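I opened my notebook today to look up a few spots in this structure. Here is what I wrote down along the way.

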Amino acid sequence: MITFNLPLKVAAVAMGGLLVLIGSIFFPAYAQSVTKTLSVDDPAGIVLDPKGNVYVVETGKNRILEFNSNGTLITMWGSSGKGPGQFNSPIGITLDYVRGYVFVTDTGNDRVQKFTSDGKFITMWGSSGKGPGQFQTPIGIDEDESKQNVYVTDIGNNRVERFTSNGLFVAQWGSLGSGPGQFANPGRIAVDPSGNLFVADFGNNRIQKFDENGKLIAQWGSLGSGPGQFYNPTGMTVQYPQGNVFVADTGNDRIQEFTSDGKFVNKWPINAPTGATDNIDLDVNSNGIIYLTDRASDQVLIISQK
């Protein structure tokens, strides 16, 4: 249900950023003219399109919401079920920025669904299991638009699977463990402008970087609260065109920024005015504005770094 409330509520954030709370969605200070409140029930995945529109996975209501840059709801689709276009606790979302496709990990149904940008169903693939093209709780998803490779983190099988954009299985890698190329509950995944991909290795408190064929390029992170350390990293994205990696370091209530080879750049504490946070996913635009879903308070936090 969409609710509308007034007034605006402004909150200061560390590092000089400003948030404007509009009901259950936060907008940056430049959006103070927005007065509508959009309630998001159990938000998970989030992604921005080239026009600045925001897609949010509303896990609690088994649907996808699309807002414009001012926070106005444009469209929504989905309901609870197993049929085409229906969902069971969806979590991950990504876009094909060239062709406008939307990909969603329909986590409870162990499958991926593909839509047009306005929610028209195109195709789906996957089933429960351990075989190639099957899933046990798919979470993260991203696409390399230049080659139309779609990558999915299969958390229950501790692996990454690679598909064509129409769902044809291509390759897989990973197993349970803490060694190079192994995973312990891999979460979000993100592709950089060069076609390399980053995986938030949640249980091992690290980030791993691979090429498109699964060859390990780099890894960084360990358990802790210092710069470059993590406590249960969940959300992750790559900023275009810069290529820096942003990570929601959920257990430490902060966001960390790195270069593409893992060098620490910056960090921002998440001080939501409503209290405790449970940061699930994030995206960042070319201007450095960070969009962060917070399931603890059913909010989307939008953070200005300036």
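Two strands pair if DSSP finds at least two bridges between them. Helices (H or I, at least four residues) and strands (E, at least two) are DSSP runs, numbered from the N terminus. I kept in mind that this is a predicted model, where local features need pLDDT of at least 70, side-chain atom pairs count only at pLDDT 80 or more, and totals for chains, interfaces and linings use all residues. Residues are numbered from 1 along each chain as its sequence is written, and side-chain values use heavy atoms, with hydrogens and water left out.

**Entry: β20 and β21.** I found β20 (residues 233-238) pairing with β21 (residues 245-249) in the antiparallel sense, over 4 bridges. T237 faces F246 of β21. The two strands make a hairpin with 6 residues between them, and G243 in the turn has a positive phi of about 90°. I also noted that 6 of the 6 residues of β20 are buried (under 20% relative accessible area, with exposed over 50% and partly exposed in between; 1.4 Å probe, protein chains only).

**Entry: W77.** I placed W77 in strand β7 (residues 73-77). Is W77 buried or exposed? It is buried, at a relative accessible area of 8%. Leaving aside neighbours within four places in sequence, W77 is in contact (heavy atoms within 4.5 Å) with residues including Y55, F87, V102 and F115. G119 is another of its contacts; W77 and G119 lie 42 residues apart in sequence, yet 6.0 Å apart C-alpha to C-alpha.

**Entry: N204.** I found N204 in the loop between β17 (197-201) and β18 (206-210). Beyond four places in sequence, N204 touches G177, S178, Q182, F183 and A184.
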